[in-house]
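Thanks for making time this morning.

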Amino acid sequence: MLTRAVETYLAVRRAAGFDLRSQGSQLSSFAAFSEARKRHYVSTDIAIEWAGLARSVPQRARRLGMVIRLARYLRAEDERHEVPPAVFGAETLPRPTPYILTGEQISQLITAASQSKYRICRATYRALFSLLACTGMRVSEATQLRLDDISSDGLVIRRTKFRKSRLVPLHETAQAGLERYLQQRRPYAPLDDHVFVSLRRKPLSRSDVEKAFRMAVKRIGLPPRRGRARPTPHSLRHAFAVRALETCPDGRDAITKHMLALSTYLGHSKVADTYWYLEAVPELMREIAERAEQFAMGKCR
């Protein structure tokens, strides 16, 4: 009975766009664990016992969190299902402080990435890092781009992290830079339709990108920031998001529209993920505080 309930729950969540590969197998394991103990409804003691089998406390919290969400869904129709308390604490740890690159540092990184002894690598990483910086795309989205995804309107990002597709417009200078790269890339790997290819004439892997980025960081000597934050390829996405937030117009309605548009553009599943930058980046928090102070003083007058 519980196994069937889990299958129904997963089908509904997947129809809503969630992948749930790992969670699906975990919840199926929980259902089998419960039914082996003759429990056909979610029960608090069994849920805590099953979650407690994980090695670390964060893993236990995540396992129990899966069961809690399942139980809330099932209890809406059958109150025999119990919603366990989160006895292992929060599922997720606080997000690490992002490393925000300046415009000058981004230029230096792109220049450093262009110093490979191989011509195709110079062209590939110069184009890739430039594209990440000016669009805020995820590394995985860029490495999965196909030649057919390039249109006159921009780049079509197909079914990415949250199984959604979106269009990323490109400035004319970005379009020109991408075309210059493709003029070198097409004859180098004519049998592969990925936009970005490696020296091996294969699609770029994440490890390829991370290795090239680390080498560029080392060449220009970028230091770690507060909280031991270190630059990664994802820092280019963070830098784009912060620049976009810095251009946010005044006015409550305008700010709301700006944040929603930016969230959609970045491919965030929740607008809260976009608002996170406001609290994670000290420069943005300082600007918010200054504007709040100006607003309060204006009202006092």
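Let me start where helix 5 passes helix 9, which it does in a right-handed crossing. Bear in mind throughout that this is a predicted model. The axes of the two helices, residues 103-113 for helix 5 and residues 206-220 for helix 9, come within 8 Å and cross at roughly 115°, and that makes helix 5 roughly perpendicular to helix 9.

As for the side that each helix brings to this crossing, helix 5 contributes Gln-105, Gln-108, Leu-109, Ala-112 and Ala-113, which meet Phe-213, Ala-216, Val-217, Arg-219 and Ile-220 of helix 9. Sorted by class, that contact holds 7 nonpolar, 2 polar and 1 charged residues.

Lys-38, with a phi of about 65°, sits in the loop between helix 2 (21-36) and helix 3 (44-51), and it is exposed, its relative accessible area being 68%. Arg-201 likewise has a phi of about 65°; it is found in the loop that runs between helix 8 (172-188) and helix 9, and with a relative accessible area of 46% it counts as partly exposed.

Finally, the protein as a whole. It has 13 helices and 3 strands, and 41% of its 301 residues count as buried. Of the contacts between residues at least 6 apart in sequence, 56% join residues at least 24 apart. The accessible surface comes to about 17,700 Å², with 53% of it belonging to carbon and sulfur atoms.

How values were computed:
Residues are numbered from 1 along each chain as its sequence is written. This is a predicted model: local features need pLDDT of at least 70, side-chain atom pairs count only at pLDDT 80 or more; totals for chains, interfaces and linings use all residues. Side-chain values use heavy atoms; hydrogens and water are left out. Helices (H or I, at least four residues) and strands (E, at least two) are DSSP runs, numbered from the N terminus. Buried means under 20% relative accessible area, exposed over 50%, partly exposed in between (1.4 Å probe, protein chains only). Contact means heavy atoms within 4.5 Å. Accessible areas come from the Shrake-Rupley method with a 1.4 Å probe; for residues, only the protein chains shown count as cover. Axes are lines fitted to C-alpha atoms, for helices over the stretch in contact, and angles run from 0 to 180 degrees between N-to-C directions. Angles under 35 degrees count as roughly parallel, over 145 as roughly antiparallel, 65 to 115 as roughly perpendicular and the rest as oblique. A crossing is left-handed if the near helix is turned anticlockwise from the far one by less than a right angle, and right-handed if clockwise. Ala, Val, Leu, Ile, Met, Phe, Trp, Tyr, Cys and Pro count as nonpolar, Asp, Glu, Lys and Arg as charged, and the others, Gly among them, as polar.
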